[in-house]
Amino acid sequence: MTDRQTEIAEGQGAVPPQAAADVDHRLVAAGLSAGYDERRVLEELDLQVPEGSFTVIIGPNACGKSTLLRSLARLLRPESGEVLLDGSSIASVPAKALARTIGLLPQSPTAPDGISVADLVSRGRHPHQGLMRRWSRADEEAVLAALEATGMVELADRPVDELSGGQRQRAWIAMALAQQTPLLLLDEPTTYLDIAHQIEVLELCAALQRQGRTLVAVLHDLNQALRHATHVVAMREGRIVAQGAPEAVGTAELVEEVFGLASRVIEDPETGRPLVIPRAP
Amino acid sequence: MLETAPRRAGGPRGHDGSRGSGAPARSERRLPDRTLRLGRFGLRLDVRAIVVTLLLAAVALSLGWWNLISGSSAFTAADAVDALLGVADDGTARVILDWRAPRVVFTLLGGAALAVAGAVFQSQTRNPLGSPDIIGFSTGAYTGALVVSLLGVGSTWSTPAGAVVGGLGTGVAVYLLAWRRGASGLRIILVGIGASIFLGSVNSWLLTLMSREDALSAATWGTGSVNDITWAHVAPLLAALALLLPTMLVHGTDMTLMEMGDDAAQGLGVRLERVRLIQFLCGIVLVSVVTAGAGPIAFVALVAPQLALRLTRAAAVQLIPAALMGAALLVGADLLARSALLPVQLPVGVITLCVGGVYLVWLLVGAGRSGGRGRSR
């Protein structure tokens with residue numbers, strides 16, 4: 001398969017993809033093969049997450065998007081190859097140190113019955129705490145900052161199970177933010193949300209990226225990926241078919257190749273980004 | 001540091017969700033919670049949990065004290081204090097120090113041990129039914145203890161050791177049988193209930209192999225009884241608790257994080273396999289040591305953590321309130337068992353069975369009503 005690596009400098013003040021080879025945190029998959037039991041999902045995949053990007057992984061169902069994200073988060077042990085963090089294998093990083101570098105929003109976390117938003121978000125401080133060092137001013141600051149960034153301050157003492165779907169997802173993102181990690185991985189953060197809440201979550205992700213974090217998300221909606229991401233990774237059958245800026249990846253040929261869908265691509269009148277419209281039969 | 005949406009400054013309480021456009025006054029902001037902080041690197045303590053914990057400790061100790069002085073030969077508090085100080089007459093000292101005190105200490109420690117084990121397994125299975133008395137671990141421990149006495153090698157340390165082997169064997173078997181790319185809580189419970197029924201029949205069969213006198217005393221033991229507890233039974237329990245409880249407390253936070261799901265916990269830096277194995281081993285050893293002394297006492301492990309959870313209104317089971325609740329429950333149940341039908345002493349297991357049975361029905365009816373509602377996302 002062809003790797004159409006394309007780099008187009010971003011116009012909105014983001015770090016241009018691939019421009020930062022020597023920065024502190026850099027997440028790389030090298031020759032990564034992974035899967036479950038007998039079924040191999042990823043085949044010798046190579047990926048470099050551009051520093052400071054909002055990278056979105058797209059592709060048809062069962063193409064290995066989530067498997068890739070789970071491997072990057074070390075939730076899944078690779079069969080061969082490895083994931084590198086700052087040039088050394090992620091497998092050798094201590095659990096809490098990793099959790100201070102990579103934050104994770106898993107696909108379907110469970111909020112304990114009756115837990116308040118503030119308590120849930122406080123749990124994000126766990127990697128920064130130890131036996132002798134429990135709760136500090138820094139923890140409190142981080143939790144407050146996370147609540148503010150997600151617009152959840154007003155809801156801080158509400159039980160999570162009384163929130164709407166979008167608010168709940170924001171609470172979980174706030175928990176991951178309280179970890180204060182330079183990298184944030186999100187596995188389908190918009191699933192089960194209505195359209196307004198989907199946009200809300202994606203805008204939040206884009207804002208976090210503009211503030212300097214590196215985000216990697218798996219999304220189902222191609223147009224949302226093209227609209228919000230700074231770097232799009234298109235996968236099919238466990239391999240990366242194409243990656244680059246949305247303008248480069250969002251083409252009719254590529255949609256045909258990745259999803260097997262005939263489409264037209266027009267310019268989104270709101271953002272100027274590519275907008276994929278499936279062809280009528 | 002992070003600013004995205006404009007929002008209202010000042011007190012977050014009591015406002016509607018509408019977003020004003022005031023500048024956020026960071027320095028005035030505090031987390032709205034009900035916690036108490038001790039010092040700069042202080043623990044964050046839940047005031048309600050502290051009050052409940054202290055009350056439970058007081059209740060457990062008072063019930064224990066009452067147990068010490070009441071009964072077929074009643075004493076005054078002064079007698080008991082004399083006995084504890086070693087200045088009482090021989091008869092009083094004998095009843096209080098040799099007969100009653102080990103029993104009170106055993107019920108207090110045993111109730112705590114059972115409750116902690118119950119809390120751990122309920123957390124691991126993420127289900128209030130996932131308690132060692134339901135999923136066969138105490139039955140298996142009892143099988144181990146029975147085998148040891150049947151072989152005629154029962155002693156202070158060999159009977160608990162046999163119970164631990166039986167409990168661990170049952171635990172490992174249940175987890176392996178329930179294993180399918182990870183062991184889900186519900187599968188562990190279903191397999192465990194099966195194991196419990198099977199081992200119950202094994203235990204009955206073992207009783208038929210004994211002499212009539214041995215079988216009779218073993219049968220009382222089999223319902224859970226502390227009538228014959230001596231200091232020799234207390235020693236292994238005390239040793240196990242002193243060793244294992246601190247270990248379990250250290251991993252208590254990890255345990256609560258794991259209730260959010262494996263991925264979320266791992267994302268927060270929890271080493272799942274390690275924590276799971278430690279809590280599993282510690283929990284089974286505690287249940288087994290109690291069972292070796294008093295037989296399989298039903299329902300304390302099932303009920304105590306959940307009652308403590310409701311009293312503290314915490315978002316996750318906390319081990320210390322659960323332990324104190326277990327201590328209070330078992331010592332209270334023993335008080336009832338001793339005094340309800342004087343001069344007959346019931347086995348304490350009969351009381352916990354009656355009380356716990358009602359709770360179990362209530363739990364199942366409640367689960368049925370809400371359509372088996374899982375925890376919200």
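This is a predicted model: local features need pLDDT of at least 70, side-chain atom pairs count only at pLDDT 80 or more; totals for chains, interfaces and linings use all residues.

Tutor: Two residues are in contact when heavy atoms of theirs lie within 4.5 Å. Setting aside residues up to four places away in sequence, A:I173 touches A:L105, A:T150, A:L186, A:V201, A:L204 and A:L208.

Four strands form an open sheet in the order 3-2-5-6, and the pairing is antiparallel. Strand 3 (39–48) and strand 6 stand at the edges of this sheet, each with a single partner strand, so one side of each lacks a neighbour in the sheet. Packed on the sheet is helix 1 of chain A, residues 65–72, which touches strand 2, strand 3 and strand 5 and whose direction makes about 120 degrees with that of strand 2.

The pairing within the sheet can be followed strand by strand. Strand 2 of chain A (residues 27–36) and strand 5 of chain A (residues 80–85) run antiparallel and are joined by five bridges. Along this pair, A:A30 stands opposite A:E82 of strand 5, and A:L27 has A:L85 of strand 5 as its bridge partner. Strand 5 in turn pairs with strand 6 of chain A (residues 88–89), again in the antiparallel sense, over two bridges, and here A:L84 stands opposite A:S89 of strand 6. The hairpin that strands 5 and 6 of chain A make has two residues between the strands, and in it A:D86 takes a positive phi near 50 degrees.

Elsewhere in chain A, A:R273 lies in the loop between strand 12 (263–267) and strand 13 (274–278). With a relative accessibility of 8%, A:R273 counts as buried. Its side chain reaches backbone oxygens in two places: a polar atom of that side chain lies 2.8 Å from the backbone oxygen of A:L226, and the side chain also reaches the backbone oxygen of A:A229 at 2.9 Å.

Chain B has 14 helices and two strands, and buried residues make up 50% of its 377 residues. Among contacts in chain B between residues at least 6 apart in sequence, 71% join residues at least 24 apart.

Over all chains, a search of the whole structure finds six of them. In one, the rings of B:F137 and B:F280 have their centres 6.5 Å apart and their planes at 85 degrees, which makes the pair edge-to-face. This pair links distant parts of the chain, with B:F137 in helix 4 of chain B (residues 137–150) and B:F280 in helix 11 of chain B (residues 272–294), 143 residues apart. B:F137 is buried at a relative accessible area of 1%, and B:F280 is buried as well, at 8%. In another pair, the rings of B:Y359 and B:W362 have centres 5.9 Å apart and planes at 40 degrees, so the pair is tilted. Because B:Y359 and B:W362 are three residues apart in helix 14 of chain B (residues 348–369), about one helical turn separates them, and B:Y359 is buried, with a relative accessible area of 11%.

A last stop is B:N127, in the loop between helix 3 (90–125) and helix 4 of chain B. Its side chain reaches the backbone nitrogen of B:L129 at 2.9 Å. Leaving out residues up to four places away in sequence, B:N127 touches B:Q122, B:L186 and B:I189, while its C-alpha atom is separated by 13 Å from that of B:A183, a residue 56 residues apart from it along the chain.

Terms used:
Residues are numbered from 1 along each chain as its sequence is written. Chains are lettered from A and ligands numbered from 1 in the order in which they are written. Side-chain values use heavy atoms; hydrogens and water are left out. Two strands pair if DSSP finds at least two bridges between them. Rings of Phe, Tyr and Trp (its six-membered ring) pair if their centres lie within 6.5 Å; planes under 30 degrees apart count as stacked, over 60 as edge-to-face and the rest as tilted. Buried means under 20% relative accessible area, exposed over 50%, partly exposed in between (1.4 Å probe, protein chains only). A polar contact is a pair of N or O atoms within 3.5 Å; within protein, one must be able to donate a hydrogen and the other to accept it, and residues adjacent in sequence count only if both atoms are side-chain atoms. Axes are lines fitted to C-alpha atoms, for helices over the stretch in contact, and angles run from 0 to 180 degrees between N-to-C directions.
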